[in-house]
Amino acid sequence: MAPSSSDKTRFMRAAMRLARRGAGTVSPNPLVGAVLVRGSKIVGSGYHRFFGGPHAECNALEIARKKARGADLYINLEPCSHFGKTPPCADALIAAGIRRAFIGMQDPNALVSGSGIKKLAAAGITVETGILERECRQLNEAFIKYITCKIPFVYLKLAASLDGKIATASGDSKWITGAAARAMVHGLRSRVDAVMVGIGTVLSDDPLLTARLYPGANKNPLRVIVDSTLRTPLRSRLLATARDVPTIIATTDNSLKSRAAAVTQSGAELLNIPARNGRVNLKLLMKKLAQRGIASVLIEGGSALSAAALQDGIVDKVLFFYAPKIIGGKNSYSMVGDAGREKISRAITLTDIRYRRVGDDILVEGYIAK
């Protein structure tokens, strides 16, 4: 008997929940979860746990063993069909004798791109694709951009008062949002490949940019400081911990050469990027990061870097936290610090907008319309 639409949804969501467990450890590979079902019972399940490790399908087959024969596979991403760090998963599924495969989305990787589906179908396995495809694409939005465009998926996170201020006129910004919002951001840090701030944030906040407030965080991200003239203090917490947490300072030929040796001795890496309008060319920086296998970047401000990132068109998704506070003052720092748009018709717009309450704060998230 063919599964009902509700069964397909239920088991695909189970696969997606498994896939999320790999966040922070599998990049630049995709998040993948798989369940094997006989009747209405899951007989095997697995997910891609770490980069270079066994894929979700093989982990599920290992649990199911002989029960995999005649079972249905639910998986959020097309099984691979090529030799990489592991053998083709499509071959393992065929050998195991699965009956049907329900797939969330086709793999955008040119090395696969439908060939896994064709291989399963050629072996007599019934294949159905597009199960919760929109949700599956969102789950792997960073991987999709990275593998198709060769640049990272970029999140822009800002925390502000209700009147859109990220700091007072004196520069004080701790803490605008509450503990729940801060913990959520630390969780996001543990799942992205890199977190990025501008030199203004380093000078005013002396941040650490680790995932220390999130229980069970898988890892700390690569830390990237955009510092066109190399003003990062040698006693900053970022440089003090650079030997323990990988840290890059993206700078330009306008940097203070006399400080370069001291910065690199701290354990940080200097990455020289050609200047654009006197500052680091962010588009080129993204390409350089992608060449290092960085598939996702979280920008955490401040206002100057946020403005430059939006102006250069590198931002894919925004996450704006609003706290129930009013700061006021024309000299207080706004979320986006450039001259701004002259006309409403030219304003940056968002799509697929979501609103969530996080503790006492409100999170507004959406994608930049392109």
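Analyst: This is a predicted model. The buried residues of α2 pack against β1, β2, β3 and α3 (89–96).

User: Which residues of α2 are buried?

Analyst: Helix α2 comprises residues 56–64. A residue counts as buried when its relative accessible area is under 20%. The buried residues of α2 are Ala56, Glu57, Asn59, Ala60, Leu61 and Ala64.

User: What is the order of the strands in the open sheet, and which strands stand at its edges?

Analyst: The open sheet has 5 strands with mixed pairing, in the order β2-β1-β3-β4-β5. Each edge strand has a single partner strand, so one side of it is left without a neighbour in the sheet. Neighbouring strands are turned by 15° against each other on average, direction ignored. The strands at the edges are β2 (41–47) and β5 (126–129).

User: What angle does the direction of α2 make with that of β2?

Analyst: Helix α2 packs on the sheet, where it touches β1 (33–38), β2 and β3. The direction of α2 makes an angle with that of β2 of about 140°.

User: Within the sheet, which residue of β4 is the bridge partner of Ile75?

Analyst: Strands β3 (residues 72–77) and β4 (residues 100–105) run parallel and are joined by 5 bridges. In β4, the bridge partner of Ile75 is Ile103.

User: How are α3 and α4 oriented towards each other, and what is the handedness of their crossing?

Analyst: Helix α3 and helix α4 (residues 115–122) pack at an angle of about 20°, with their axes 9 Å apart. Angles under 35 degrees count as roughly parallel, and α3 and α4 are therefore roughly parallel to each other. Their crossing is right-handed.

User: Which residues of α4 make the contact with α3?

Analyst: By class, the contact of α3 with α4 has 4 nonpolar, 1 polar and 2 charged residues. On the side of α3, the contact is made by Ala90, Asp91, Leu93 and Ile94. On the side of α4, the residues are Gly116, Lys119 and Leu120.

User: Is Ser303 buried or exposed?

Analyst: Ser303 lies in helix α12 (residues 303–312). Leaving aside its neighbours within four places in sequence, Ser303 is in contact with Ile166, Tyr333, Ser334, Met335, Val336 and Gly337. Its relative accessibility is 16%, so Ser303 counts as buried.

Key
Residues are numbered from 1 along each chain as its sequence is written. This is a predicted model: local features need pLDDT of at least 70, side-chain atom pairs count only at pLDDT 80 or more; totals for chains, interfaces and linings use all residues. Side-chain values use heavy atoms; hydrogens and water are left out. Two strands pair if DSSP finds at least two bridges between them. Helices (H or I, at least four residues) and strands (E, at least two) are DSSP runs, numbered from the N terminus. Axes are lines fitted to C-alpha atoms, for helices over the stretch in contact, and angles run from 0 to 180 degrees between N-to-C directions. Contact means heavy atoms within 4.5 Å. Buried means under 20% relative accessible area, exposed over 50%, partly exposed in between (1.4 Å probe, protein chains only). Angles under 35 degrees count as roughly parallel, over 145 as roughly antiparallel, 65 to 115 as roughly perpendicular and the rest as oblique. A crossing is left-handed if the near helix is turned anticlockwise from the far one by less than a right angle, and right-handed if clockwise. Ala, Val, Leu, Ile, Met, Phe, Trp, Tyr, Cys and Pro count as nonpolar, Asp, Glu, Lys and Arg as charged, and the others, Gly among them, as polar.
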